[in-house]
Amino acid sequence: MTHSSNKYIVLIMTAALLSACSVTSKYERPTTLKTEQLYRDQNASDTTTIADMPWQSVFKDEKLNALIQKGLDQNLNLKNAIENIVQARASLRQSKLAYYPTLQLDANATHTKQSEAGLNFPAGININTLTTTYKLGLSTSWEADIWGKLSSSKRAALATYLATDAAKQAVQTQLISDIANNYFLLLAYDKQLKITEETLEARIKNVETIKDLKEGAIVTGAAVVQSEANQHAAEVLIPDLKQSIRETENAINVLLGQGSGPIERGELGSQIIPENIAIGMPSQLLENRPDVRQAEFNFRVAFESTNLAKTYFYPSLTLTASGGFSNLQLKDFFDNSIFYSIIGGLTQPIFNQGKNKLRLTTAQSQQLQAYNNFQQSLLTAGQEVSNSLYAYEMAVAKEDSRAKQIAALEKAVDYTEQLLEYSSATNYTDVLTSQQNLLAAQLSGVNDNLQKLQAVVNLYRALGGGWK
């Protein structure tokens with residue numbers, strides 16, 4: 001072994017020892033996040049949460065589940081999110097390969113004609129100024145990861161990959177929520193349309209009844225006109241409801257990644273929701289909410305970018321080597337034509353126009369922004385859980401009162417219609433008011449049911465359900 005070779009071995013061993021003196025920091029999840037303050041008026045201590053339930057168990061409607069599965073298979077936004085994962089995985093693999101040396105093959109033939117005057121040789125010397133050089137060689141280069149530059153890049157790439165995976169999961173949970181919410185909205189429109197059409201049939205009969213009462217001099221012509229106006233008031237609701245149904249069907253089709261068409265569906269009254277609406281502990285949002293995990297991974301990317309910026313202040317060690325065959329004669333190409341070189345270079349930045357300092361300042365600022373975004377995602381998650389849970393509780397609270405209201409208004413309509421026909425103690429205005437109030441209460445009752453169903457959907461998504 002030559003003395004020169006010993007020098008390179010010493011250089012490599014020195015680089016390995018210096019690598020232990022990394023200037024980068026180890027990532028730790030921020031401890032300043034007060035997750036216990038995320039849920040309002042909730043002293044959650046039980047870890048049971050509906051977020052752990054698969055969506056097939058949360059939704060009992062087979063037609064809805066079929067739509068959700070089709071959406072997961074065909075939705076274009078979800079497909080793009082998956083492609084983002086493919087790209088991030090490629091970047092991660094590239095960062096891992098950065099630890100290995102590069103290797104290049106170089107084969108060329110160079111034909112050169114030099115100027116005799118330019119060579120400036122003495123007169124009388126015969127020099128061949130036309131040459132052809134043939135060369136075949138390999139070259140390699142390797143940078144020692146002394147200060148953790150490559151390690152930081154790899155960890156940043158890994159965090160980016162995990163962030164894209166979490167982003168895909170966030171798209172999936174949002175997709176499930178959007179399909180379910182639009183499905184329940186469609187069922188609500190169906191129910192309201194059915195109620196309105198039944199009300200219209202009753203009001204058409206009521207017009208005939210009022211006309212008969214007018215002929216019997218029990219009511220005046222004003223009552224007939226009012227009854228006809230009441231009929232048209234119900235009629236005018238139907239086109240709007242049909243339009244809403246068509247638009248909601250189209251919205252669902254877009255979520256399914258398919259062209260417009262009818263949506264096969266069930267009925268609003270047959271929907272079943274989980275009996276136990278458990279929300280778990282606020283700290284579970286850190287693991288269950290894909291968008292929260294994505295925000296944390298983005299923070300880790302920024303953290304490693306700051307680590308990377310620090311390494312630029314320190315020297316870098318690069319080893320390069322090349323070797324092969326070079327000859328002026330192709331027929332004697334391998335005869336005495338071996339060449340090689342080994343270079344070890346240590347580069348220490350001294351003046352770089354302030355780029356290293358500005359790079360670090362920028363990275364630290366971006367890291368602070370990423371941390372703020374992480375905190376914001378947690379606050380938003382807590383808000384959404386609180387809003388959805390309260391919306392569910394209020395919808396349940398209205399159920400009993402709404403049922404009693406509708407029952408009372410049904411009786412009021414019957415009583416006023418009977419009094420109008422058999423007694424002079426009332427007039428058609430009383431009948432009109434009771435009919436209008438009944439229809440409004442019935443439509444509101446449908447909205448109450450819709451609020452409860454959508455609150456469960458939104459709570460399931462807010463807790464991070466749907467991706468596991």
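Predicted model: local features only at pLDDT ≥ 70, side-chain atom pairs only at ≥ 80, totals over all residues.
Me: How much of the chain counts as buried, and what is the cut-off?
Reply: Buried means under 20% relative accessible area. Of the 468 residues, 38% count as buried. The accessible surface of the chain comes to about 26,800 Å². Carbon and sulfur atoms hold 54% of that surface.

Me: What share of the contacts joins residues 24 or more positions apart?
Reply: That share is 84%, counted among contacts with a separation of 6 or more.

Me: Why are β1 and β4 called edge strands?
Reply: The four strands form an open sheet in the order β1-β2-β3-β4, with antiparallel pairing. β1 (102–113) and β4 (338–347) each have a single partner strand, so one side of each is left without a neighbour in the sheet. That places both at the edges. Neighbouring strands here are turned by 20° against each other on average, direction ignored.

Me: How do you know that β2 and β3 pair?
Reply: Pairing needs at least two bridges between the strands. Eleven bridges join β2 (residues 130–144) to β3 (residues 316–327), so the two strands pair. They run antiparallel. Gly137 stands opposite Gly324 in β3. Ser141 has Thr320 as its bridge partner in β3.

Me: What makes β3 and β4 a pair?
Reply: The test is again at least two bridges. Ten bridges join β3 to β4, so the pair qualifies. These strands also run antiparallel. One of the bridges sets Ser316 against Thr347 in β4.

Me: Why is the contact between Arg29 and Glu296 called a salt bridge?
Reply: The cut-off is 4 Å between a side-chain nitrogen of Lys or Arg and a carboxyl oxygen of Asp or Glu. The closest N and O atoms of Arg29 and Glu296 are 2.9 Å apart, so the pair passes. The pair links distant parts of the chain, 267 residues apart. Arg29 sits in the loop between α1 (3–18) and α2 (55–58), and Glu296 in helix α10 (residues 290–311). A search of the whole structure finds 15 salt bridges.

Me: What makes Glu249 and Arg265 a salt bridge?
Reply: Their N to O distance is 2.8 Å, within the 4 Å cut-off, so the side chains meet in a salt bridge. Glu249 lies in helix α8 (residues 237–255). Arg265 lies in the loop between α8 and α9 (285–288), 16 residues apart from Glu249. Glu249 has a relative accessible area of 8%, under the 20% limit, so it is buried.

Me: How do you know that Asp291 forms a salt bridge with Arg289?
Reply: The closest N and O atoms of the two are 2.7 Å apart, within 4 Å, so the pair counts. Arg289 has 1% relative accessibility, so it counts as buried. Asp291 has 27%, so it counts as partly exposed. The pair belongs to a network of salt bridges that links Arg289, Asp291, Glu384 and Arg461.

Me: Why is Asn65 called buried?
Reply: Its relative accessible area is 14%, under 20%, so Asn65 is buried. Asn65 has its place in helix α3 (residues 62–74). Leaving aside neighbours within four places in sequence, Asn65 is in contact with Trp55, Gln56 and Phe59.

Me: What makes Gln114 partly exposed?
Reply: Its relative accessibility is 38%, which falls between 20% and 50%, so Gln114 counts as partly exposed. Gln114 lies in the loop between β1 and α5 (116–119). Gln114 and Asn128 are 14 residues apart in sequence and 8.7 Å apart in space, C-alpha to C-alpha.

Definitions and conventions. Residues numbered from 1 in each chain as written. Heavy atoms only, no water. Axes fitted to C-alpha atoms, helices over the stretch in contact; angles between N-to-C directions. Buried < 20%, exposed > 50% of the residue type's maximum accessible area, 1.4 Å probe, protein only. Contact = heavy atoms within 4.5 Å. Areas by Shrake-Rupley, 256 points an atom, 1.4 Å probe, with all protein chains shown as cover.
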